[in-house]
Amino acid sequence: MTNADHSHTIEKVWDEVMMFKVLLTQSYLERKVQEIKEKVKTKPITAAVAKQSEKDFAKAFECFVYRYNYAETFNDFLDYSISWMNWRNPVRDFSYFEKKYENLYPKLHEMFDLLTKAATIHGGFHDALGDLFMELISHGRNGQFFTPESLTDMITQKICGNLKDDETLLDPACGSGRFLLSGAKINRKAWFFGCDNDITCCKMAVLNMLMNTMQGEIALMDSLRMEYYRSWRVGWQNIGGMNLPIFKEITHKDDSLLWQMHINTFQSNIEAREKKNQVSKAEEQKPLIVAKKKDLSNKNKKSGPEQLSIFDW
């Protein structure tokens with residue numbers, strides 16, 4: 001056997017091993033999906049259970065704060081939860097959390113289970129995570145009081161009450177993603193995009209989208225200064241008749257759909273502004289027409305500066 005034949009045989013065996021691994025993973029996921037379906041059928045989450053889950057989450061979280069910083073622990077919980085949702089990665093590494101939190105480490109998954117229950121109130125798309133963040137972490141500091149859900153629902157219904165499949169909803173300061181969740185209540189098959197310059201808010205929005213199998217992207221960026229840092233593209237994959245959430249972290253802005261949307265909008269605004277300036281310069285270059293004296297003697301003429309619409313400046 002030549003070296004080429006030997007190499008080809010190794011590649012063929014490796015391909016078969018990887019295919020077998022994929023089939024095993026697919027079979028395992030289908031079994032887990034069936035288990036989840038049966039669990040949902042037999043134990044529906046009521047409003048009372050969801051509310052109690054929020055309270056139990058807060059109690060579990062309090063176990064950490066005697067030894068660890070509030071904000072640090074909450075961010076670690078977000079990282080743990082997002083990693084846990086990355087079911088496609090066969091080598092998820094939780095050693096950082098195990099080493100850091102030791103005997104408290106199992107509490108992280110307990111909190112994750114409680115959060116998924118709390119978020120299913122009223123049929124899902126409830127921002128339990130944002131409520132817990134305000135209660136346990138921010139306490140309104142830095143102006144981090146999120147818009148009440150009843151208000152985001154009303155505004156979203158007024159602005160895009162007829163949101164269609166594959167249409168886009170963008171929130172340039174998304175916080176925990178409440179407006180996006182309100183949009184998903186109208187049509188979860190739309191595309192949802194959000195930006196924020198606070199990484200904790202971005203992670204909350206990502207986790208909210210993953211828990212509700214939404215599609216779109218969340219970016220850590222300053223949408224006013226046009227400074228991009230990184231983003232998470234979120235979607236789903238159908239296995240066994242059930243949509244499972246998937247995501248991909250993006251570190252280069254050229255790979256970000258959200259960044260391209262901002263650039264295109266920004267460029268369009270620049271072009272529109274330049275066009276308006278050209279028209280203004282052309283108007284300035286026109287010869288002045290001096291009004292006749294009788295035109296200025298209008299008794300009904302109002303004194304004072306002319307009122308401008310807010311859209312004129």
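User: Is Asp166 buried or exposed?
Analyst: In this predicted model, Asp166 counts as exposed, because its relative accessibility is 55%, and the cut-off for exposed is over 50%.

User: Where does Asp166 sit?
Analyst: Asp166 lies in the loop that runs between α7 (149-160) and β1.

User: What is the phi of Asp166?
Analyst: Asp166 is not a glycine, and yet its phi is positive, at about 70°.

User: What do β3 and β4 form together?
Analyst: They form a hairpin with 4 residues between the two strands, and Met226 belongs to the turn. The strands β3 and β4 pair in the antiparallel sense, over 7 bridges, and Asp222 has Glu227 in β4 as its bridge partner.

User: Let's step back to the sheet. What is the order of its strands?
Analyst: It is an open sheet of 5 strands, arranged in the order β1-β2-β3-β4-β5, and its pairing is mixed. The edges are taken by β1 and β5 (242-250), each of which has a single partner strand, so one side of each has no neighbour in the sheet. On average, and with direction ignored, neighbouring strands of this sheet are turned by 15° against each other.

User: Which strands pair in the parallel sense, starting with β1?
Analyst: Strand β1 (residues 168-171) pairs with β2 in the parallel sense over 4 bridges, with Asp171 standing opposite Gly194 in β2. Strand β2 also runs parallel to β3 (residues 215-222), and 6 bridges join these two.

User: How many residues of β3 are buried?
Analyst: In β3, 8 of its 8 residues are buried, which makes the strand mostly covered. Both faces are covered, with Gln215, Glu217, Ala219 and Met221 buried on one side, and Gly216, Ile218, Leu220 and Asp222 buried on the other.

User: And how many in β2?
Analyst: Strand β2 (residues 191-196) is mostly covered as well, with 5 of its 6 residues buried.

User: Which helices make β-α-β units with these strands?
Analyst: Helix α8 (residues 178-186) makes a right-handed β-α-β unit together with β1 and β2, and α9 makes a right-handed β-α-β unit together with β2 and β3.

User: Tell me about α9. How many residues does it have?
Analyst: Helix α9 (residues 199-211) has 13 residues and reaches 18 Å from its first C-alpha to its last, which is close to the 18 Å expected at 1.5 Å a residue.

User: Why is α9 largely enclosed?
Analyst: Of the 13 residues of α9, 11 are buried, so the helix is largely enclosed by the rest of the structure. The buried residues include Cys201, Cys202, Lys203 and Asn208.

User: What happens at the start of α9, and what comes just after it?
Analyst: At the start of α9, a side-chain oxygen of Asp198 comes within 2.8 Å of the backbone nitrogen of Thr200. Just after α9, Thr213 takes a positive phi of about 45°.

User: Changing topic, where is Tyr105 found, and is it buried or exposed?
Analyst: Tyr105 is found in helix α5 (residues 105-118), and it counts as buried because its relative accessibility is 18%.

User: What is Tyr105 in contact with?
Analyst: If its neighbours within four places in sequence are left aside, Tyr105 is in contact with Tyr80, Phe94, Phe97 and Glu98.

User: And how far apart are Tyr105 and Phe64?
Analyst: Tyr105 and Phe64 are 41 residues apart in sequence, and in space they are 9.8 Å apart from C-alpha to C-alpha.

Technical notes. Residues numbered from 1 in each chain as written. Predicted model: local features only at pLDDT ≥ 70, side-chain atom pairs only at ≥ 80, totals over all residues. Heavy atoms only, no water. Expected span 1.5 Å × (residues − 1). Buried < 20%, exposed > 50% of the residue type's maximum accessible area, 1.4 Å probe, protein only. Polar contact = N/O pair within 3.5 Å; in protein donor to acceptor, adjacent residues only side chain to side chain. Pairing = 2+ DSSP bridges. Right-handed = clockwise from strand over helix to strand, strands pointing away. Contact = heavy atoms within 4.5 Å. Axes fitted to C-alpha atoms, helices over the stretch in contact; angles between N-to-C directions.
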